[in-house]
Amino acid sequence: MISTVCLILFIAFMLWMNTSKRIAWKNKSKLWAYLADRKKQSRTIAIVLFLIATACLIYAVGIASGIFAFFVILMCMGCLGVFFFPFSYFGYRVVLGIYLCSFLIEVFIH
C-alpha cells in the first residue's frame, strides 16, 4: 500500500507542478498540456489525490503516523520530481517499472 501511496503522491505533485508558470516543460505530452491549460481542474484532481493518499496512510498506520508519513512522502516525491524533472531522466515507463518492482517487493515481504 505504501508504494501505491508514493505513486499517487508523485502523480499529484506532478499535476500540481504542471500548473506552475515557472516550470518550462519541454516535449509536453498532449495530456499534460491539456491539464496545464485547465489549471483549476488539474489542481482539484491533485487535491483529491492528496486526500486519497492521506486517507490510505491513516488507514494503514494510524492517524498521527499517517499524517506524518503523508508529509514525509510528499516531500520525498516533491524532491524527486523537482530534482529529476529538468534532466528528463525518467518517463512514465521508468516510473511504472519502479512502482511495479516496489509493489512486488512490498507484497512478497508482507
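**Confidence.** I started with the pLDDT by element, since this is a predicted model. Helix α3 (residues 39-61) has the highest mean among the elements, 93. Helix α2 (residues 30-37) has the lowest, 83. I then looked up the whole protein: the mean pLDDT is 86, and 96% of the residues reach 70 or more.

**Fold.** Next I went through the elements. I found 5 helices and 0 strands, so my note for the order from the N terminus reads α-α-α-α-α. The radius of gyration is 15 Å, close to the 13 Å that the globule rule gives for 110 residues, so I put the protein down as being as compact as a globular protein of that length. I also noted the span of the C-alpha trace along its principal axes, about 40 × 25 × 20 Å.

I checked the contacts with a separation of 6 or more: 70% of them join residues 24 or more positions apart. Buried residues make up 29% of the 110 in the protein.

**Surface.** For the accessible surface I wrote down about 7800 Å². Carbon and sulfur atoms hold 73% of that. Then I looked for a nonpolar patch and got one of about 410 Å², made by F103, L104, V107 and F108.

**F103.** F103 sits in helix α5 (residues 92-109).

Methods. Residues are numbered from 1 along each chain as its sequence is written. This is a predicted model: local features need pLDDT of at least 70, side-chain atom pairs count only at pLDDT 80 or more; totals for chains, interfaces and linings use all residues. Side-chain values use heavy atoms; hydrogens and water are left out. pLDDT is the predictor's confidence in each residue, from 0 to 100. Helices (H or I, at least four residues) and strands (E, at least two) are DSSP runs, numbered from the N terminus. Patches are made of residues with over 30% relative accessible area and no salt bridge: like charges are joined within 9 Å, nonpolar side chains (Val, Leu, Ile, Met, Phe, Trp, Tyr) within 5 Å. Accessible areas come from the Shrake-Rupley method with a 1.4 Å probe; for residues, only the protein chains shown count as cover. A salt bridge is a side-chain nitrogen of Lys or Arg within 4 Å of a carboxyl oxygen of Asp or Glu. The radius of gyration is taken over C-alpha atoms; the globule rule is 2.2 Å times the number of residues to the power 0.38. Buried means under 20% relative accessible area, exposed over 50%, partly exposed in between (1.4 Å probe, protein chains only). Contact means heavy atoms within 4.5 Å.
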